[in-house]
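I opened this entry to look up the pockets. My notes follow the structure.

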Amino acid sequence: MDLIAGFLDYIDREKRLAGNTNEAYRADLSAFFGFLSLHLGMAPRVHTFSALQARDIRAFLAQRRREGLSDTSFARLLSAIKSFYRWLDRAHGVENAEIAYLSGPKRPRRLPRPVSEVAAKESLAQAEALKDEPWSAARDVAALSLMYGAGLRIGEVLDLPGTSAPTPERLRLTGKGNKTRILPLIPAVRAAVDAYGALCPYPL
């Protein structure tokens, strides 16, 4: 268990991971060491880890899977083992090329979730409250309004050129992939952009 303590001390000092991550790594590695003790017939020592083969570690991972480990926990477990091996190399000169053959489950890409109307209104109110200068508060409100009310990406908002007041009802935009689209701007969005234009002390 001294190896686990040394590793956890390292990540606590060097990586500064969250406390719950450290505890999760402790539990993961304790389970790994316990498995190896049964699998190899003896408690693992430093030199043990240089001789382990990918199939040995996969046997442990398979056992944890049978115990009902979720994809997220499985990915963290694999991350703990790989981080432990990187520390072994750095602290004890232990190398093991077999680790490169280990890979976790592919996690499905999650689609972005839309912001609710209530959350959008709260964001606008916070944007106004967080700035001391009225013009910078108006700028942030205009940017958020364009993202929520017109569907612009943040990069597209930042790249918008200055426009003459009042803001037009439609916005012609060339965005990602050089695709041009025409976006209708609802009155609330146009009002937010116009308010920013009126308050901004710099040329738009």
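**Pocket notes**

I began with classes: the lining of the largest pocket has 18 nonpolar, five polar and three charged residues. Here Ala, Val, Leu, Ile, Met, Phe, Trp, Tyr, Cys and Pro count as nonpolar, Asp, Glu, Lys and Arg as charged, and the others, Gly among them, as polar.

The model is predicted; local features need pLDDT of at least 70, side-chain atom pairs count only at pLDDT 80 or more, and totals for chains, interfaces and linings use all residues. Residues are numbered from 1 along each chain as its sequence is written, and side-chain values use heavy atoms, without hydrogens and water.

Next I looked up volume. The largest pocket has about 570 Å³. A pocket is an open set of points on a 1 Å grid over the protein atoms alone, where a 1.4 Å probe fits, with protein on both sides within 12 Å along at least five of seven lines; lining residues have an atom within 4 Å of a point. Points are joined across faces, edges and corners, and the volume is the space filled by probe spheres set on them.

I found 26 lining residues, with Leu146, Val157, Leu160, Val193 and Tyr196 closest to the centre of this pocket. Helices H7 (134-150), H8 (154-158) and H9 (187-199) each give two or more residues to its lining. Helices are DSSP runs of H or I, at least four residues, numbered from the N terminus. H7 gives the largest share, seven residues.

Then I turned to the second largest pocket, of about 290 Å³. Of its 16 lining residues, Ala120, Leu124, Leu144, Ser145 and Tyr148 lie nearest its centre. H7 gives the most to this lining, six residues.
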